[in-house]
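Try each task yourself before reading its solution.

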Amino acid sequence: MLWKRLLPVLMLALLLTVVACADSGGETVEVTRLVEVTRIVETGAGEGEAAPAPVQVGAGEILQRVLDRGRVVCGARTDLAGFGYLDEAGNTIGFDVDLCRAVATALFNDPEAVEIVNLTAADRGPSLQTGEVDMLSRNVTWTSSRDAQWGNFTLITFYDGQGFLVPADTDIFEIEDLDGATVCVTTGTTTQLNLSDAFRQRGLEYTDVSFEDTATVYSTYEGGGCDAATSDKSQLAAIQSGLENPDAHRILDITISKEPLTSAVPHGDDQWFDVVKTVIYVLINAEELGVTSGNVDEMMTSENVEVRRLLGQEGEFGQADLGLDADFAANVIRAVGNYGEIYDRYMGPDGHAFTLNRGLNNLWTEGGLIYAPPLR
Amino acid sequence: MTQLRRSLSRYSESGIPLWRDIRVIQAVGQIVSAIIVLGFLYFLIRNMLDAAAARGLGLGYDFLSNSAGFGLDDTPIEYDPSMSFGRALLIGLLNTLRVALLGIVLATALGIVVGLSRLSTNWLVRNLANVYVETIRNVPLLVQLFFWFFAVFQQLPSVANSITVGPFAALNQRGIYLVALRRGEGFAGWIITVAVAIALSFVLYILLHRYRLRTGRRTYPFIVAMLVLLGLPLAGWFLAGGSPLVPDFPTVGRFNYTGGTTVTTNFAALLVGLVLYTAAFIAEVVRAGVQAVSKGQREAARSLGLSGLQAMRLIVFPQALRVIIPPLISQYLNLTKNSSLAVAIGYPDLFAVGKTIIDQAGRAVPVFVLVMVTYLIISLTYSILLNIYNRRISFVER
């Protein structure tokens, strides 16, 4: 009979616990928000206080976190040849991954001071929003809404565009030649929307065969289930290299969308944002100035003042303000090479993954769009 | 203190203090547990709303009227990407209903045949049915769908090398293309004769059948009804003048067949997979139902001179139905819900379209709620209809 007498008391205790949990649960959300607000105020106040001081600028929250941890947590992918994939030894390599390694080298003079987090397309936005990764370098198209929602986008490092993969022996050259065709596409991507826009604008008919799984899209295409497959050209090139007979397929010259790929950092730490951007400026300027991983040590004694400034031999271009070593650029170039070297490593004529004409991704001096602010 | 206790115990008739009165304890227990459940639900919902608000996720349904912007390849009603998300979702629902209803009819027919075959006295038939049921039931449906789509339908010839039956039908890895009939000149007049023929043949069949039962004379109700059913529209065809129905042949274009009616291989693979899988379960339900009817019923029927088939059809099966219907409802619900695996083989059903909308419009919570509610409504409708039927055929106890 004891339990019967105790039952109401137990029930009440349980209820109180639940209510307490519910309350504390609700309050946790509130507290989190408060902290966020406080942080922004603090950062502002910190900068305001630091402004009178001559050189000393305290590192921002994310930068400080990265420095304390001793490595950069980098959101990437491990399944896209050329951009982020695994080599024979199981290391994550690729164009996107090398950008992370460049940032790690700038901070720690060690390209291995990175932690690669494999992210799916759906996870990449939230992981940046929540600050789970310090830097997102995962084949992300920069769009205005993502810029507003996800974080800060740095500098376009790869100008991609949506194209079509078709069997080589067909007489398809223009988008008009695809009137009435069946096109395979990954469901839920901007690619699917661009495809429908492109055909509608021109008054053309097509059949949309869409799968959620990218591998299914291309296995269906390869099996003849559709007349063309569409995606970003870089992805098509990567896929083509993996098809059973790559020469039996070709990528059309037409491009139906703008897909500027870039790395991004979470909102809220301008200094960290600047560090990542500056590292990318260095990579591009190094190619422009002809500084490569092979000749970086000889270039130390170059007479070109811009090269000397890049390598930290003369003057400075903001290293101290960002809290970086004077010769960080030399370290970066020595470890991962300049922009062109990174590109060629994976996608150049002897690229590890495939060969893709640089096209828009040439330096501006070569007729492309790759252009970075001057280092001074 | 004693006074307080006495004043409280006034409410308890038997003089037991309130906190020891079993009825009071039970009532308090009910109230407390109700508060706990409600409080927990409140906590969950508030947590979800707070989290949604904090992340800036919209919870409204306004976006359903926005332009969808993506294409769909299997559209029973007119659709193009400039139409709304709501329209796309409606197409998903129609596609789900199409594959589910067709699948239920076919799976039931196949399931009954296989179920009865498992009880057959013929060694070959019985064991073939055994092998079918045991194989299909023990392989996951998703694996089977991939098998049907990639290993069977994708291996059909390409469009250029389609298997054709004259101009009437074509079969390739993208679909089955059949000749369709479109309305032509004089269609309105002709369709009236068809309607009259159907009604007249139906009435004639019933009248003649009754007459035969009453008098025992041969009246050939089936033959007469068929003659009326076929003869009248034929006469109407010539009376209407022109050609009321025009055949629409599938013709091969630059890439695909156009015209006629199309059944995509995605749909075909899903239908075949669902029917074979569910039929294996229905077969077991049917077998159990038939075996539940006592052997004496069948023996009595045979001793009255009914053939084996008649005994099954008229005596055993109607009684077996009472056992069969309730688990059959579950199988129908399973088939409908399993059709959401269509997303894996590119058939735009409710769930696949819903997922696409989530990706394109970024409204995970509202779309999932909508999809869940829709499946719930479909399932409950099945249950209600079949329960009504079950009540009608169930054993009337006296």
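**Exercise 1.** Find which residues of helix α4 (residues 121-129) of chain A are buried, and work out what they pack against.

*Solution.* Start by picking out the buried ones: R124(A), S127(A) and L128(A). Here "buried" means that 20 or more other C-beta atoms, placed from the backbone, lie within 10 Å of the residue's own. Next, look down the axis of α4(A): the buried residues fall within an arc of 95°, so they line one face of the helix. That arc is taken over the directions from the helix axis to the C-beta atoms. Then check the partners, which are β1 (72-76), β6 (135-141) and β13 (259-265) of chain A. A contact needs C-beta atoms, placed from the backbone, within 7 Å. Finally, see what follows α4(A): G131(A), with a positive phi near 75°.

A few ground rules: this is a predicted model, where local features need pLDDT of at least 70 and side-chain atom pairs count only at pLDDT 80 or more, while totals for chains, interfaces and linings use all residues. Residues are numbered from 1 along each chain as its sequence is written, and chains are lettered from A and ligands numbered from 1 in the order in which they are written. Helices (H or I, at least four residues) and strands (E, at least two) are DSSP runs, numbered from the N terminus.

**Exercise 2.** Work out the strand order of the open sheet of 5 strands that includes β1, β6 and β13 of chain A.

*Solution.* Read across the sheet and you get β5-β1-β6-β13-β7 (chain A), with mixed pairing. Two strands pair if DSSP finds at least two bridges between them. At the edges stand β5 (114-118) and β7 (152-160) of chain A, each with a single partner strand, so one side of each has no neighbour in the sheet. On average, neighbouring strands here are turned by 25° against each other, direction ignored. Now zoom in on β7(A) and β13(A): they run antiparallel and share 6 bridges. In that region, D160(A) sits opposite E259(A) of β13(A). Last, helix α9 (residues 270-289) of chain A packs on the sheet, touching β6, β7 and β13 of chain A, and its direction makes about 25° with that of β7(A). Such angles run from 0 to 180 degrees between N-to-C directions, using axes fitted to C-alpha atoms, for helices over the stretch in contact.

**Exercise 3.** How many residues of strand β9 (residues 181-186) of chain A are buried, and which strands does β9(A) pair with?

*Solution.* Count first: 6 of the 6 are buried, so β9(A) is largely enclosed by the rest of the structure. Sort them by face: A181(A), V183(A) and V185(A) lie on one side, with T182(A), C184(A) and T186(A) on the other. Then trace the pairing. Strand β10 (residues 206-211) of chain A joins β9(A) in the parallel sense over 6 bridges, and V185(A) has S210(A) as its bridge partner there. Strand β11 (residues 228-232) of chain A also runs parallel to β9(A), with 2 bridges. V183(A) stands opposite A228(A) in β11(A).

Notes
Buried ≥ 20, exposed ≤ 12 C-beta atoms within 10 Å, placed from the backbone. Contact = placed C-beta atoms within 7 Å.
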